[in-house]
Amino acid sequence: MELSEHIKTANVEDVTLRRPFHPALRGTLCVTSHHLLFSDRKDEDSWQLLILLRNIDATEKRAVGSSGTITIKCKDLLVLQLEIPGMEECLNIASSIEALSALESVTEMYPFFYRPSHLTLHGPWGLSSTEKYYKQTERLWDRWRVSTVNSDYSVCPSYPHAVIVPREVDDEKLVQSARFRQGGRFPVLSYCHHRNGMVIMRSSQPLTGANRKRCKEDELLLQAVIDGSLLGYIIDLRSTQQAQQARMTGGGFESKSCYSHWKRIHRHHERGKVLQESLIKLVEACSDPSHSVDRWLSKLENSKWLSHVHSALSTAGLVVECVERDGHSVLVHGSEGTDSTLLVSSLAQLILDPASRTLTGFLGLLERDWIQAGHPFQQRCAHSAYSHARLKQECPSFLLLLDCVWQVWRQFPLALEFSEALLLRLAQEVYASNYGTFLCNNEQERCAAGVKENTHCLFQSLLSPDIEEQYLNPLYEPTDLAIWPSVHPQSLQLWTGLFLRWTEYAQNMEEAREEVWSIVKEHRERAGPDRTNNTPSTHCDTLTPFENLMDELTIL
Amino acid sequence: MEHIRTPKVENVRMFDKLTPRKCMVGTLYLSSTHTIFVENSEARKETWILHSLMSNVERLPTNPSGSPLIIRCKNFHVYRLLIPQEKDCVDVLASLTRLSHPERYGELFCFSFNPNLDKELREKAWAFIDLKAEFIRMGIPRNLWHATAANHEHRLCDTYPSELYVPKSVSPAVIVGSAKFRSRGRLPVLSYYHRDSSASICRSSQPLSGFSARSSDDEQMLQAIMKSNPVSEFMYVVDTRPKLNAMANRAAGKGYENEDHYTNIKLQFIGIENIHVMRNSQQKLIDVGDLVAPTMSDFLWGLENSGWLKHIKAVLDAGVFIAKAVAEDGVSVLVHCSDGWDRTAQACSVASVLLDSYYRTIKGLMVLIEKDWVSFGHKFSHRYAHLDGDPKEVSPVMDQFLECVWQLMQQFPCAFEFNERFLIQLHTNIYSCQYGNFIGNCQKERRDLKLQERTHSLWPHLWENRAEYTNPLYRNDHSQTQGVLKPLTTAYCFKFWKGMYGRAEKSVTSQSPADCLNAVREESQQLEEELSTHQEVPRETDAGQENCRAEGEDFRGEEEDQEVV
């Protein structure tokens with residue numbers, strides 16, 4: 001079926017558009033295969049609103065006399081209303097939106113049709129990869145190697161074609177270890193600490209099962225990770241009880257007797273449905289401004305969203321403590337190793353590694369540790385907080401990561417090179433995008449669909465010089481230290497920039513951000529051309545007056 | 001000095017709340033005004049705790065390592081000490097208990113505090129804020145309002161300032177009659193005049209109306225206030241109490257204005273709770289900040305249960321209502337509660353901050369506090385327990401006003417010239433009794449105490465250090481700076497004030513865009529210092545890194561290794 005067959009009414013005149021904090025507008029509404037377009041059709045100064053149909057999470061229809069109203073709730077949390085004269089037109093538009101916003105086939109999605117004139121399809125795709133990371137990280141060369149045992153995705157369907165493993169473990173052992181891990185996700189290297197060479201590994205749970213199976217190769221692999229040192233930590237992202245229960249369904253955990261040099265710590269993390277419902281509750285609480293303070297706080301508490309932020313940051317802090325302070329390597333896993341595992345290991349890197357706090361470094365981290373590592377974006381982000389559809393595989397793991405990063409950024413306003421705007425953009429793009437970056441569930445699927453050949457890369461486009469600036473933090477001052485966020489509940493806050501994005505509240509903040517930029521720019525001009533390009537300076541340099549001002553400015 | 005049983009104790013340990021395993025060893029000295037802890041380390045770091053800031057000193061049962069002593073301060077700092085000998089601890093406790101509860105004004109620190117200013121400078125300092133000039137700045141039309149000498153020598157109302165602004169049209173007899181009909185003689189007088197709309201904010205105490213009493217003088221007074229705003233045909237009377245409380249007062253011969261007796265008034269109840277409710281609420285909030293390793297749910301539940309943010313919202317709502325009436329509707333407002341010195345002061349001053357950008361500057365906020373709080377008889381010494389007295393008189397009224405301003409700063413990061421630190425500094429000084437500004441309960445009492453001759457004024461001191469209190473995002477030509485602020489009062493806009501109530505934590509990490517920008521400077525300086533220590537220390541030892549966490553959290557907890565069987 002052609003996409004256009006879903007469109008019974010392509011154009012409606014005299015539609016009224018209502019959106020928060022703007023006067024109602026009259027104009028023409030058009031539905032195309034991928035977009036909803038509203039235009040006020042003024043000859044001069046015409047205003048248009050273009051919404052990706054993919055961005056629409058839910059629609060609600062209401063009949064008022066002969067006309068109909070469609071409420072459109074977007075995945076980026078914007079809510080719009082369209083008043084459409086003519087009931088039939090209204091129903092047609094609504095059914096087109098419903099069908100076209102929920103396309104199943106990847107190659108029918110908009111990134112495969114997005115062809116802006118300033119971008120070409122040829123040339124390199126993406127910023128980082130296993131091989132690049134290996135090449136950059138000299139510390140790895142001695143004891144670690146890049147294995148392409150998964151080059152045809154047969155060992156682990158959700159892993160990339162190349163992974164980093166201990167040099168002394170050959171591919172045959174990897175195959176055995178993969179058989180012993182859920183989904184074939186055997187332990188691979190995620191990060192090597194620049195300061196002491198300790199590593200963060202990630203995997204899925206071992207398939208020990210009820211009768212406590214063992215796998216010699218898996219044990220050898222982990223032994224090779226700590227190589228001679230006496231201890232490593234396994235951070236199991238389930239409670240002891242849950243890990244115990246997992247054995248009944250064929251899963252399990254690394255027992256002390258088989259992995260004698262590994263010390264296991266359990267930390268309970270919610271996953272899947274529970275997280276998705278938490279997001280739904282939070283967004284619901286935020287969208288009703290009539291709540292009393294008591295009711296609001298009770299709903300905020302009840303949503304548990306901040307509790308999830310709290311656990312993610314605490315566990316990431318624990319990983320950092322093991323690596324940085326105790327000087328031991330860490331293996332992180334939960335059950336499948338595709339959600340909280342990635343969340344914790346990437347947050348730990350952000351805290352530990354100055355390189356991952358630059359704009360390029362952070363995007364590279366997301367690319368390696370989320371996209372290539374096989375976080376099933378398509379399943380997880382099929383719907384957001386408004387959808388009435390029955391939950392399947394939806395889970396806001398990535399949104400939770402962005403929220404945690406925002407908390408770190410708020411506590412260390414100078415330490416990250418990127419700005420809140422980047423996190424907000426990513427929160428939007430992950431659900432609906434012109435770019436192919438977040439399509440599919442893993443590299444194998446992306447290969448099969450030809451994502452690299454037929455779509456553009458979001459991260460590359462974010463780095464293009466003309467738009468990069470809005471994603472930079474004007475106050476950035478690199479520090480080489482680990483940035484330990486406080487996880488005391490009073491230090492964690494609701495991410496108003498995201499959850500209250502479409503309220504007046506956000507507008508004043510935007511003004512303040514602009515003010516910071518203008519102050520910084522003014523001072524950069526004064527300081528002369530040699531400082532205009534945010535030259536990396538260390539805290540040890542004698543502070544220039546300009547830098548003093550930078551220190552004064554806060555986290556806007 | 002006679003209260004100090006033991007002036008010096010050695011080998012005392014001072015603990016950090018969040019990293020209880022770490023502590024400093026040093027010597028504790030007791031002076032007549034301060035307790036001083038000097039670390040034994042090479043740096044000889046000193047911690048000074050003002051006795052008048054201590055709210056409570058508590059001794060825990062002696063354990064093998066010594067006797068623990070906890071000092072809680074009125075600015076929410078908490079100090080935890082361990083004194084090796086129980087006897088010393090008992091002595092210190094007895095001394096501090098007495099020293100932190102002065103019985104006479106003369107014992108207060110402000111009377112011994114001497115910053116070495118000569119007489120002339122001291123007088124000049126006291127003249128730094130000039131309320132007469134402030135009423136001129138407001139642009140009061142001389143044909144409609146004037147200063148009356150009716151309260152000369154405080155003969156009309158002993159808790160009001162001697163100079164009062166009233167409508168020019170009222171006769172002295174009406175003034176006296178109105179004062180007689182108001183609780184404690186606190187008649188309706190001008191608090192703020194809004195030049196752009198010619199509407200005004202007046203304040204008073206509740207009328208002695210009971211169930212049926214009336215006073216034609218008081219009615220004329222309100223009529224005159226309404227008439228001094230030529231464009232409006234009615235005025236609001238804002239009773240900041242919950243309606244039920246106001247009604248209950250009628251039984252005691254007080255109450256609220258009967259709309260049938262007063263022509264053209266509209267009565268509006270706002271529902272700010274009384275000082276007792278506020279005191280209990282704040283205590284619950286402090287307990288929330290004190291929780292050791294709370295979960296997110298504990299914290300949010302505690303916050304809700306304290307009711308604190310609900311009360312802050314009520315105060316802000318009152319201000320928003322008044323500001324809207326004055327600026328948008330051009331209607332004058334008379335504000336009162338019971339006595340007109342707590343909730344009335346809050347509502348009037350919050351409304352003024354919203355209405356007039358001047359009060360959003362450093363100097364302007366000082367003027368506002370001097371006008372609406374100090375001169376109009378807010379009972380500072382009672383509310384902030386400057387002297388040992390009735391604990392039921394204590395209540396965080398001013399805390400709430402400062403917090404309303406802070407909440408506004410969160411919403412309008414560019415609108416205020418001052419930063420969070422300024423508010424915290426004000427808060428500390430209101431409690432600390434180091435300067436004479438907030439001593440006593442009204443102007444008359446301050447005059448009788450001869451405070452201007454015997455103590456120093458805080459304002460010039462803050463003004464000299466204003467660089468430290470300046471918000472770099474403030475620009476007096478910014479759109480947020482101009483005109484009337486219209487804040488959202490949706491529940492989700494109200495935040496826990498971590499800079500104030502989270503002070504048991506080591507550093508004040510910045511909370512939100514509008515937070516004091518200096519906190520960031522502090523933070524980065526701290527990072528810098530840590531970086532340099534870090535570089536001096538070999539990598540293997542983790543001294544430098546350990547401090548780099550925002551606040552020392554122990555991520556690992558106790559259940560390090562639970563082997564599953």
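Colleague: What is the strand order in the open sheet of chain A?

Modeller: The order is S4-S3-S2-S1-S7-S6-S5, seven strands with antiparallel pairing. Keep in mind that the model is predicted.

Colleague: Which are the edge strands?

Modeller: Strand S4 (48-52) and strand S5 (56-64) of chain A, each of which pairs on one side only. From one strand to the next, the twist averages 30°.

Colleague: How many bridges join S5(A) to strand S6?

Modeller: Eight, and the two strands run antiparallel. S6 covers residues 67-74 of chain A. To pick one bridge, A:Ala63 has A:Gly68 in S6(A) as its partner.

Colleague: Which helix packs on the sheet?

Modeller: Helix H1 of chain A, residues 87-100. H1 touches strand S1 (11-18), strand S2 (25-31), strand S3 (35-39), S5, S6 and strand S7 (79-84) of chain A. The direction of H1 makes about 20° with that of S6(A).

Colleague: Switching to rings. How many aromatic pairs over all chains?

Modeller: A search of the whole structure finds 36. One of them is A:Trp370 with A:Phe398, edge-to-face, at 5.4 Å centre to centre and 75° between the planes.

Colleague: Where do A:Trp370 and A:Phe398 lie?

Modeller: A:Trp370 is in helix H10 (residues 359-372) of chain A and A:Phe398 is in helix H12 (residues 397-411) of chain A, so the pair ties together parts 28 residues apart in sequence.

Colleague: Is A:Trp370 buried or exposed?

Modeller: A:Trp370 counts as buried because its relative accessibility is 0%, and the cut-off for buried is under 20%. A:Phe398 is buried too, with a relative accessible area of 2%.

Colleague: And in chain B, what are the numbers for B:Tyr160 and B:Phe376?

Modeller: That aromatic pair is edge-to-face, 5.4 Å centre to centre with 75° between the planes. B:Tyr160 sits in the loop between strand S8 (145-148) and strand S9 (164-167) of chain B. B:Phe376 sits in the loop between helix H11 (362-375) and helix H12 (380-383) of chain B, and the two residues are 216 apart. B:Tyr160 is buried at 0% relative accessibility, and B:Phe376 is buried at 3%.

Colleague: Back to chain A. Which residues do ring pairs link into a cluster with A:Trp370?

Modeller: A:Phe377, A:Phe398, A:Phe438 and A:Phe459.

Colleague: Last topic, charges. What lies over the face of B:Phe128?

Modeller: B:Lys363, at 4.6 Å from the ring centre. Over the face of B:Trp463 lies B:Arg466, at 4.2 Å from the ring centre.

Definitions and conventions: Residues numbered from 1 in each chain as written. Chains lettered and ligands numbered in written order. Predicted model: local features only at pLDDT ≥ 70, side-chain atom pairs only at ≥ 80, totals over all residues. Heavy atoms only, no water. Pairing = 2+ DSSP bridges. Helix = DSSP H or I, 4+ residues; strand = E, 2+ residues; numbered from the N terminus. Axes fitted to C-alpha atoms, helices over the stretch in contact; angles between N-to-C directions. Contact = heavy atoms within 4.5 Å. Phe/Tyr/Trp six-rings, centres within 6.5 Å; stacked < 30°, edge-to-face > 60°. Buried < 20%, exposed > 50% of the residue type's maximum accessible area, 1.4 Å probe, protein only. Lys NZ or Arg CZ within 6 Å of the ring centre and 35° of its normal.
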